[in-house]
Amino acid sequence: MSRPRVLIGDDHRLVAEGLEKLLQPEYEIIGIVADGWQLVSRAEQCKPDLILADITMPQLNGLDACEKIVKAGHCSRIVFLTMHQDAIYALRALRIGAVGFVLKQSASSELLTAIEAVLAGKSYISSPVAEQLQQISQTSKNDLRDELLLTPRQREILQLFAEGNSAREVAAVLSISVRTAENHKNHIMVLLGVNSTAELVRCAIRHGLIAPC
């Protein structure tokens, strides 16, 4: 009987290697990637049974990366392993099709339980987050600002600028003109009501697009 194939996305190498040791030999680790674009690419190549991803990763965050994977029609089960305890992250993860949301501060046994559950067709959410979700009314769920109501493309651009890339570097990554990159940045700043790159960085940190320094 073949082992379930797992793809790990986490930019902290020690964490990723620890996960690999935890999951072997019951699961086949088919890859470890360190940014969201690599996660999208490897998922397309390998079509894993399970994707275990962090939210905060360079280039493209885990939420947007997994949304691309889901929209591409891949049927991998997605579990987020993250330090973000706010229910807004879990809500968005569930909306894009994730079936697991586990906090990094949880015990290793909880992660194993979560993986076993989702591969059996169930869902799993760590208790502190699940309790928050139960307290949120349907109305407030609908009113939550999903990543500040930015489009996926705008979130990509916000993350790239917040990571310190110049307009020319952002343009090169996204295959757009420098002027278009600058126009996107200006439009995002207007939408968010900020007036400086420093404020833009704080917005990206607050919403899990980049890690605090």
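What pLDDT does the protein average, and what share of the residues score at least 70? The average pLDDT (the predictor's confidence in each residue, from 0 to 100) is 86, and 92% of the residues score at least 70. The model is predicted, so local features need pLDDT of at least 70 and side-chain atom pairs count only at pLDDT 80 or more, while totals for chains, interfaces and linings use all residues. Residues are numbered from 1 along each chain as its sequence is written, and side-chain values use heavy atoms, without hydrogens and water.

**View 1. Cysteines Cys-66 and Cys-75.** With a disulfide defined as a pair of cysteine sulfur atoms within 2.5 Å, the count is zero. The closest cysteine sulfur to that of Cys-66 belongs to Cys-75 and is 14 Å away, too far for a bond. For Cys-75, the closest is in Cys-46, also too far for a bond at 14 Å. Relative accessible area (1.4 Å probe, protein chains only) is classed as buried under 20%, exposed over 50% and partly exposed in between. Cys-66 is buried at 0%, whereas Cys-75 is exposed at 74%.

**View 2. The cis peptide bond from Gln-24 to Pro-25.** Omega is near 5 degrees. Pro-25 sits in the loop between helix H1 (13-23) and strand S2 (28-33); helices (H or I, at least four residues) and strands (E, at least two) are DSSP runs, numbered from the N terminus.

**View 3. Positive phi at Ser-175.** Ser-175, a residue other than glycine, has phi near 55 degrees. The loop holding Ser-175 runs between helix H9 (167-174) and helix H10 (178-192), and Ser-175 is exposed at 67% relative accessibility.
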